[in-house]
Amino acid sequence: HIVSLFSPQQPSEKCGVLNVTKITEHGKKVRKNWTSSWTVLQGSSLLFAKGQGGGTGWFGGNQSKPEFTVDLRGATVEWASKDKSSKKHVIELKTRQGTELLIQQESDNVISDWYKALTEASESDEAI
Ligand code: I3S
């Protein structure tokens with residue numbers, strides 16, 4: 001049953017601090033605003049909480065609600081082209097709802113793991 005731990009039926013869970021900005025909302029371009037955000041991947045939902053993540057407070061304390069939630073089902077996940085951002089290691093995420101986000105992290109290991117996890121979540125049809 002070790003295998004079942006890694007089966008696609010298991011909701012994926014992952015969290016960490018990422019730099020995030022919206023670039024499009026409901027199909028309309030919006031101004032970039034990079035913020036460091038505590039980010040949680042839970043099944044096919046990606047949740048962002050503002051602030052200096054990693055500490056206490058998320059879903060507890062004073063920060064009881066996620067700032068922003070994205071439905072990953074049917075989203076596209078790709079490495080952003082150079083013209084999208086001058087930063088390194090940028091993932092471009094486009095949701096079916098017409099929201100586009102850039103997600104960035106200095107560490108290439110960290111961002112590669114997120115890339116994989118987001119891609120898997122976008123391909124899953126589990127609802128959370
Ligand atoms: O795509 P842009 O417009 O070059 O993005 C940069 C700007 O959003 C800039 O903010 P202001 O133009 O509002 O001052 C940000 O500070 C930069 O980080 C943005 O570019 P990068 O390449 O870092 O995504």
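Leaving aside neighbours within four places in sequence, Leu93 is in contact with Ala75, Val77, Glu100, Leu101, Ile103 and Leu118. That residue is a handy way into this predicted model, since several of these names come back below. The protein chain has 2 helices and 8 strands, and along the sequence they follow the pattern α-β-β-β-β-β-β-β-β-α.

- The protein chain has a mean pLDDT of 84, and 76% of its residues reach 70 or more.
- For the complex, the predictor gives an ipTM of 0.88 and a pTM of 0.81.
- A word of caution for the rest of the chain: where pLDDT is low, the predicted coordinates should not be read in detail.

**The nonpolar core**
- The largest nonpolar core holds 21 residues, and the ones touching the most other members are Leu72, Ile91, Leu93, Leu101, Ile103, Trp114 and Leu118.
- At least two core residues each come from β1 (13-25), β3 (35-42), β4 (45-50), β7 (90-94), β8 (100-104) and α2 (108-123).
- Helix α2 makes the largest contribution, with 4 residues.
- Here's the general background: in soluble globular proteins, nonpolar side chains tend to be buried together.

**Strand β8 and its partners**
- Strand β8 is mostly covered, with 4 of its 5 residues buried.
- On one side of the bookkeeping, β8 runs antiparallel to β1, and 5 bridges join the two.
- Val20 has Ile103 of β8 as its bridge partner.
- β8 also pairs with β7, again in the antiparallel sense and over 5 bridges.
- Ile103 turns up here too, standing opposite Ile91.
- β7 and β8 form a hairpin with 5 residues between them, and Gly98 in the turn has a positive phi of about 85°.

- Val70 sits in strand β5, which covers residues 68-71.
- Is Val70 buried or exposed? Val70 is buried, because it has 22 other C-beta atoms within 10 Å and the cut-off for buried is 20 or more.
- Setting aside neighbours within four places in sequence, the contacts of Val70 are Leu46, Thr95, Thr99 and Leu101.
- Val70 and Arg96 are 26 residues apart along the chain, and their C-alpha atoms are separated by 9.7 Å.
- Gln97 lies in the loop between β7 and β8.
- Gln97 has 12 other C-beta atoms within 10 Å, and a residue with 12 or fewer counts as exposed, so Gln97 is exposed.
- Gln97 and Ser86 are 11 residues apart along the chain, while their C-alpha atoms are separated by 26 Å.

**Contacts across the chain**
- Take the contacts in the protein chain with a separation of 6 or more: 49% of them involve residues 24 or more positions apart.

**Around the ligand**
- Which residues are around the ligand? They are Lys32, Trp34, Ser85, Ser86 and Lys87.
- This shell divides into 1 nonpolar, 2 polar and 2 charged residues.

Methods:
Residues are numbered from 1 along each chain as its sequence is written. This is a predicted model: local features need pLDDT of at least 70, side-chain atom pairs count only at pLDDT 80 or more; totals for chains, interfaces and linings use all residues. A residue is near a molecule or strand if its C-beta atom, placed from the backbone, lies within 6 Å of it. Ala, Val, Leu, Ile, Met, Phe, Trp, Tyr, Cys and Pro count as nonpolar, Asp, Glu, Lys and Arg as charged, and the others, Gly among them, as polar. Two residues are in contact if their C-beta atoms, placed from the backbone, lie within 7 Å. A nonpolar core is a set of buried Ala, Val, Leu, Ile, Met, Phe, Trp, Tyr and Cys residues joined through C-beta atoms within 7 Å. Two strands pair if DSSP finds at least two bridges between them. pLDDT is the predictor's confidence in each residue, from 0 to 100.
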